[in-house]
Amino acid sequence: MEPVPAGIALLYTLVIIVGVAGNAWVVLSVVRSRRPRSKTTPASPSDRLRSYIAVLAVVDLTALMALFVRTLYLVLPELRLDNVSCQAVFLLDHTVKLASLTCLSCISVERYITIRKPFCSSIRKRFIQLTPVIAICALTVFSAALLLEMNNVVVSSDGLNCVQSTKKKVWMEISGQVVAASFIAQLMMITNNYSQIVRHVRRKFSKRKARVVAHSRQHESLVSEPRYMREMTSAILRVLLFHVVCWLPFCALRLVPVGDSISQLSASIRMFRNFTDYSLVSIGVFFAHILTYLSATGDWIFYAVMNRDLRNLIRLTTERRKRSTLSQQCSPSPLHKSLRQQVTSSLRFFQSIQSYRSSGAGCSFDDSTYGHSLVIQQGHGGESPKSSIFSNDFVPSPKISAISKYRTSLLNSDEVAV
């Protein structure tokens, strides 16, 4: 085997090994960590994101299978091709690429709705439920266009490679443009969603910064961006840059072909015209081709390994926003605090009066009258059965006794005077 095909075969093998190991780990992790959920309970954003990541991992595994077929044809250079095998490889390769990009679009829409919250809760819930349905319908339409374009792929004259036929019909041209537009439209959707998320987070910080400066009269340079906002924007920007680098060359060459680049990019199995043409166009086509498979290999890193940190940051942002909202709603005003202090002091005053009355420190008027009548009866010596009973059981307090003695002495003196 020549050095170039051997090096490309080695590169394909490394991409397949890393991608299969990582995506298989993602699928097993999602299956193992799946939680039971009732039919009436709606799925949380983390559950929906976990499902999208599992589907993306399965699609990426299928894309790596298509790359494995290409590797076999590189390792076995004498292996012949026919029209059926060329069309089958073309359909498998482009279908899984389109499905992978569709899953990435659904994930970006899900994150945009969860963080940005562009609609009310009922519309958001309905839109989130319809997102996979719309994606499946769009993928079905694009797959139908691929079936039409597939008829344009034929085997080369030597039987060692696949090319696109030069005799194209109108409906084949239209189907090819529809497929190219589907790739570039979904990439633009991903770019727009993640850009809007970053813009939303930065705009929220700008408003918060202006509010802090207005209330505390601090200089704007002293108000720094929180760590969780900085890490969130950097993580989203990394994901966005990864998708743009991996998919933009492929989408651009599909939409605006250069020479016969569309034939090499879409139909060719053995790259560089079966390793006979190493021009700049062929090199660019090869890099655009391999970058799409690097996307299938690296998706599990950005969405499974690094996604845990991103989910924690999003959850931290949501909880922080809820806590700030609750604190603003529940924090008492200065008027409420002053009224509460006045009511508390009034209640304490009345409680002190009530405790003083119930402690027995003073004597009621009835008790003193009762003690007075009892002493008068004892002073006259007329001891009735009723008075004798009370005189044996009742013991007046010293204060009542003194008052009673004083009053009885006055009465006795009056009686003597009379």
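Contact here means heavy atoms within 4.5 Å.

**View 1. The whole chain, a predicted model.** Start with the overall picture: 14 helices and two strands make up the secondary structure of the protein chain. Of its 418 residues, 38% are buried. The chain exposes about 24600 Å², and carbon and sulfur atoms supply 65% of that area. If you take the contacts between residues at least 6 apart in sequence, 79% of them join residues at least 24 apart.

**View 2. Helix 3 against helix 9.** Two packed helices are described by the angle between their axes and the distance between the axes. For helix 3 and helix 9 (residues 280–305), that's an angle of about 40 degrees, with the axes 11 Å apart. The crossing of the two is left-handed.

**View 3. Zooming in on the residues between helix 3 and helix 9.** On the helix 3 side you'll find Asp93, Lys97, Ser100, Leu104, Ile107 and Arg111; they meet His289, Thr292, Tyr293, Asp299 and Tyr303 of helix 9.

**View 4. Helix 3 and helix 13, the two ends of the confidence range.** Mean pLDDT is highest in helix 3 (residues 83–116), at 92, and lowest in helix 13 (residues 385–393), at 39. Over residues 361–418 the pLDDT is below 50, and this stretch has 27 contacts in the model beyond near neighbours in sequence. Where pLDDT is low, the predicted coordinates should not be read in detail. For the protein chain as a whole, the mean is 77, with 70% of residues reaching 70 or more.

Conventions: Residues numbered from 1 in each chain as written. Predicted model: local features only at pLDDT ≥ 70, side-chain atom pairs only at ≥ 80, totals over all residues. Heavy atoms only, no water. pLDDT = per-residue confidence, 0-100. Helix = DSSP H or I, 4+ residues; strand = E, 2+ residues; numbered from the N terminus. Buried < 20%, exposed > 50% of the residue type's maximum accessible area, 1.4 Å probe, protein only. Areas by Shrake-Rupley, 256 points an atom, 1.4 Å probe, with all protein chains shown as cover. Axes fitted to C-alpha atoms, helices over the stretch in contact; angles between N-to-C directions. Left-handed = near helix turned anticlockwise from the far one by under 90°.
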